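Hello,

Here is the structure I promised to pass on to you. Have a look at it first, and then read my notes below.

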Amino acid sequence: DVADPVVGPMQVRDLSKQHAQLERLTSARKRTLTRTSLFFAVTHANVMTLVPLFGLALVLTWLYEATDNLLAPILAHGLFNTVNFIFLLSTQRLLD
């Protein structure tokens, strides 16, 4: 086709621009995910649980992003709290 030498590079340029925009969006989302997760962990005000809570927050944020449903991370957070509460009760009984 006669237009290929002109149209081809234009399409490649457009695709690379779209890719660059997607990369910036992805980087911004990663920064937001990290900052939000760190905020979640810090607001619990416990140095001993900072790293595990940061990990939990990353999982909860990913879960919301993957499902586009706020109920999914709410239920996961409730399950996490329930398991930790049961673990706390069981260790208290062992210590008594």
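The protein chain has 3 helices and 0 strands, in the order α-α-α along the sequence. Helices (H or I, at least four residues) and strands (E, at least two) are DSSP runs, numbered from the N terminus. This is a predicted model, in which local features need pLDDT of at least 70 and side-chain atom pairs count only at pLDDT 80 or more, while totals for chains, interfaces and linings use all residues. Residues are numbered from 1 along each chain as its sequence is written, and side-chain values use heavy atoms, with hydrogens and water left out.

**Overall picture**

Of the 96 residues in the protein chain, 8% are buried (under 20% relative accessible area; exposed is over 50%, and partly exposed lies in between, with a 1.4 Å probe and protein chains only). The chain exposes about 7900 Å², with 69% of that coming from carbon and sulfur atoms; accessible areas come from the Shrake-Rupley method with a 1.4 Å probe, and for residues only the protein chains shown count as cover. Taking contacts (heavy atoms within 4.5 Å) between residues at least 6 apart in sequence, 26% join residues at least 24 apart.

**The core**

The largest nonpolar core has 6 residues: Phe 40, Ala 41, Leu 53, Leu 56, Ala 57 and Leu 60. Both α1 and α2 supply at least two residues of this core, and α2 gives the most, with 4 residues. By nonpolar core I mean a set of buried Ala, Val, Leu, Ile, Met, Phe, Trp, Tyr and Cys residues joined through side-chain atoms within 4.5 Å. Not counting residues up to four places away in sequence, Leu 60 touches Phe 40, Pro 73, Ala 76 and His 77.

Ser 37, in helix α1, is buried, with a relative accessible area of 0%. Leaving aside neighbours within four places in sequence, Ser 37 is in contact with Phe 54, Ala 57, Leu 58 and Thr 61.

**The pockets**

On a 1 Å grid over the protein atoms alone, a pocket is an open set of points where a 1.4 Å probe fits, with protein on both sides within 12 Å along at least five of seven lines; lining residues have an atom within 4 Å of a point. Grid points are joined across faces, edges and corners, and a volume is the space filled by probe spheres set on the points.

The largest pocket has a volume of about 240 Å³. Helices α1 (4–43), α2 (50–67) and α3 (71–95) each supply at least two residues of its lining, and the largest share, 5 residues, comes from α2. By class, this lining has 7 nonpolar, 3 polar and 1 charged residues (Ala, Val, Leu, Ile, Met, Phe, Trp, Tyr, Cys and Pro count as nonpolar, Asp, Glu, Lys and Arg as charged, and the others, Gly among them, as polar).

Tyr 64 is one of the lining residues of the largest pocket. Tyr 64 lies in helix α2 and is partly exposed, with a relative accessible area of 33%. Beyond its neighbours within four places in sequence, Tyr 64 is in contact with Asn 69, Leu 70 and Pro 73.

The second largest pocket holds about 150 Å³. Its lining consists of Arg 29, Lys 30, Thr 32, Leu 33, Thr 36, Thr 61 and Glu 65, and α1 gives the most, with 5 residues. By class, that lining has 1 nonpolar, 3 polar and 3 charged residues.

Best wishes
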